[in-house]
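I opened this model to look up a few side chains, the helices and the ligand. My notes are below, in the order in which I checked things.

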Amino acid sequence: MHKITILYGAIREGRLSIRAARAVEQALLKTGKAEVTFIDIKDYNLPVMEARLKDMGNPPANLLEISAALEGADGIVMVTPEYNNSYSGAMKNAVDYFTKEWAKKPIGVVCASNGKMGGINASNLMQLLILGIGALPMPYKLLVPEIHNALDEAGKPQNEIMQKNLDKFVSELLWFTEAISAQHKRTAG
Ligand SMILES: Cc1cc2nc3c(=O)[nH]c(=O)nc-3n(C[C@H](O)[C@H](O)[C@H](O)COP(=O)(O)O)c2cc1C
């Protein structure tokens, strides 16, 4: 069983990109090969980062909870909408709190927009961000264009292409997670 943590990074009222996060969660569970922890940044009310978790004398419980979910994961999925040609500020703010939690973890990127490009700009920048935190961005990304039509409120794909891309994303994620977590286990300690 692979431990996968989904980090969902939009906090806007009426956010649609949560559908993409739910779609990935359900598709992962359906494989029977993954345990999923879902971290919705909106639940944590994180202030703008003034100190990293590792530099805090008395860290708040909510940050420790996210830290444990990231550190315990074999693989991570980051889900963000595209805002102004980039990822959401809420996602970047959350990412900046953590350091060792990311080390050499495989991270799959999921981006969504209500336009036709599916968050391609945000997805490229997410991959750069992932390199910046010392993690391993998975080459295949899940882009969700016209999210209002592509997924229903529960995250169920509404067309064949969406379903195909979702299945490919999950299968690639499990492949990379298996390969990289095996290497982590070999070199642990
Ligand atoms: C501040 C802001 C900026 C946005 N910028 C873009 C953009 O650059 N490109 C794009 O395709 N969609 C953009 N959108 C539209 C989002 O793709 C759309 O809101 C979509 O539903 C995903 O975001 P959500 O989870 O907040 O709903 C923007 C939306 C907001 C609120």
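Entry 1: I started with Arg 22, which is partly exposed at 29% relative accessibility. For this I call a residue buried under 20% relative accessible area, exposed over 50%, and partly exposed in between, using a 1.4 Å probe and the protein chains only. The model is predicted, so I note that local features need pLDDT of at least 70 and side-chain atom pairs pLDDT 80 or more, while totals for chains, interfaces and linings use all residues. Residues are numbered from 1 along each chain as its sequence is written, and side-chain values use heavy atoms, with hydrogens and water left out.

Which residue does Arg 22 form a salt bridge with? The partner is Glu 25, with the closest N and O atoms 2.9 Å apart. A salt bridge here is a side-chain nitrogen of Lys or Arg within 4 Å of a carboxyl oxygen of Asp or Glu. Glu 25 is buried, at 14% relative accessible area. Both residues sit in helix α1 (residues 18-31), and being 3 residues apart they are separated by about one helical turn. Helices (H or I, at least four residues) and strands (E, at least two) are DSSP runs, numbered from the N terminus. I wrote down the general rule too: an α-helix has 3.6 residues a turn, so residues three or four places apart point the same way.

**Entry 2: other salt bridges.** How many salt bridges are in the whole structure? My search found 7. In one of them, Asp 96 meets Lys 92 at 3.1 Å, N to O. These two are 4 residues apart in helix α3 (residues 89-96), about one turn. Asp 96 is partly exposed at 26%, and Lys 92 is partly exposed at 28%.

I also looked at Lys 100 and Glu 101, whose side chains form a salt bridge at 3.9 Å, N to O. Is each of them buried or exposed? Glu 101 is buried at 3%, whereas Lys 100 is exposed at 53%. Salt bridges with shared partners link Glu 71, Lys 100 and Glu 101 into one network.

**Entry 3: the buried side of α2.** Next I listed the buried residues of helix α2 (residues 61-71), which are Leu 63, Ile 66, Ser 67, Ala 69 and Leu 70. They lie on the same side of α2, because they cover an arc of only 165° around the axis. The arc is taken from the directions from the helix axis to the C-beta atoms. Ala 61 and Ala 68 are exposed on the other side of α2. Among the elements that cover the buried residues are β1 (2-8), β2 (34-40) and β3 (75-81).

**Entry 4: α3 and strand β3.** In α3, I found Ala 90, Met 91, Asn 93, Ala 94 and Val 95 buried. They pack against β1, β3 and α4 (120-132). I then picked Thr 80, which is in strand β3 and is buried at 0% relative accessible area. Leaving aside neighbours within four places in sequence, Thr 80 is in contact (heavy atoms within 4.5 Å) with residues including Tyr 87, Met 91, Cys 111 and Met 126.

**Entry 5: two loop residues.** Ala 73 is in the loop between α2 and β3, and I found it buried at 4%. Beyond its neighbours within four places in sequence, Ala 73 touches Lys 3, Thr 5 and Lys 105. Asn 58 is in the loop between β2 and α2, and there the value is 72%, which counts as exposed. I also checked Asn 58 against Ile 11: they are 47 residues apart along the chain, and their C-alpha atoms are separated by 26 Å.

**Entry 6: the ligand.** Which residues surround the ligand? Among them are Arg 12, Arg 15, Ser 17, Glu 82, Tyr 83, Asn 85 and Asn 114, where a residue counts if one of its heavy atoms lies within 4 Å. An N or O atom in the side chain of Arg 12 is 2.7 Å from a ligand oxygen. A polar side-chain atom of Glu 82 is 3.2 Å from a ligand nitrogen. A polar side-chain atom of Tyr 83 is 2.5 Å from a ligand oxygen. Taken alone the ligand exposes 600 Å², and the protein buries 74% of that. The area comes from the Shrake-Rupley method with a 1.4 Å probe.

Conventions
Polar contact = N/O pair within 3.5 Å; in protein donor to acceptor, adjacent residues only side chain to side chain.
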